[in-house]
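These are my notebook entries on a structure that I had not examined before. I recorded what I looked up, topic by topic.

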Amino acid sequence: MSLAVFVSCQSVKKEQNKGTGTETEQGAKSIEVAESVQFEDVNGKHVNTASLKGKVVFINFWATWCPPCIKEMPSIQALYNKFNPADDIVFLLVDVDGDLEKSSAFMKNNQLNMPIYKPTANLPSSFIQGAIPTTVILDKNGAMKARIEGGRDYNTAEMENGIRALLKE
């Protein structure tokens, strides 16, 4: 999966770096997710990364006020549509502001139907280092395969093929 640099928004709550950062360039090293990161959906249901082992996990950190986040949403929706429904992949669109009412309204107003979540604690720097949008992709073992900072077109053959390869592992 090749990665590119794009414009991003700043100012995201995060924990101090614990030395588990990943590279965002092509050939990013894989790391095991050392800690469980927990999120909450609009119905109050909690999900954490540890409970999702056995599935490929696509996590997009975004906010309704972030222009690059808004710009990439249709491409994430298109990617989501290619894989949904599927038992072996999970999409988590995480509103870093934690305002699920506002993000739900945004999704509805833009005819987007992806599942939205909010973080239930500070986000670790292995997942996000202050810029949004940031997308994290975990393989079925919970290893981080990609951390992509900045806006991107996710509706590409390259992204689809990369996810399909992870699903086959």
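**Entry 1: the largest pocket**

I began with the lining of the largest pocket, to which strand 3 (46–48), helix 1 and strand 5 each supply at least two residues. I noted that the model is a predicted one.

Which element gives the most to this lining? I found that strand 5 does, with four residues. I then looked up the space in the largest pocket, which is about 250 Å³. The pocket is lined by 16 residues, and those closest to its centre are Ile89, Val90, Phe91, Pro115 and Tyr117. By class, I recorded twelve nonpolar, two polar and two charged residues in the lining.

**Entry 2: Gln111**

Just after helix 2, I came to Gln111, which takes a positive phi of about 50 degrees. I marked this residue since most residues other than glycine have a negative phi. Gln111 is not a glycine, yet its phi is positive. I placed Gln111 in the loop between helix 2 and strand 6.

Is Gln111 buried or exposed? Its relative accessibility is 68%, and exposed means over 50%. Gln111 therefore counts as exposed.

**Entry 3: cis peptide bonds**

The bond from Asn84 to Pro85 is cis, with omega near 0 degrees. I located Pro85 in the loop between helix 1 and strand 5.

The bond from Ile132 to Pro133 is likewise cis, and its omega is near 0 degrees. Where does Pro133 lie? I found Pro133 in the loop between strand 6 and strand 7, the latter covering residues 134–138.

Key. Residues are numbered from 1 along each chain as its sequence is written. This is a predicted model: local features need pLDDT of at least 70, side-chain atom pairs count only at pLDDT 80 or more; totals for chains, interfaces and linings use all residues. Side-chain values use heavy atoms; hydrogens and water are left out. On a 1 Å grid over the protein atoms alone, a cavity is a set of points where a 1.4 Å probe fits but cannot get out, and a pocket is an open set with protein on both sides within 12 Å along at least five of seven lines; lining residues have an atom within 4 Å of a point. Grid points are joined across faces, edges and corners, and a volume is the space filled by probe spheres set on the points. Ala, Val, Leu, Ile, Met, Phe, Trp, Tyr, Cys and Pro count as nonpolar, Asp, Glu, Lys and Arg as charged, and the others, Gly among them, as polar. Buried means under 20% relative accessible area, exposed over 50%, partly exposed in between (1.4 Å probe, protein chains only).
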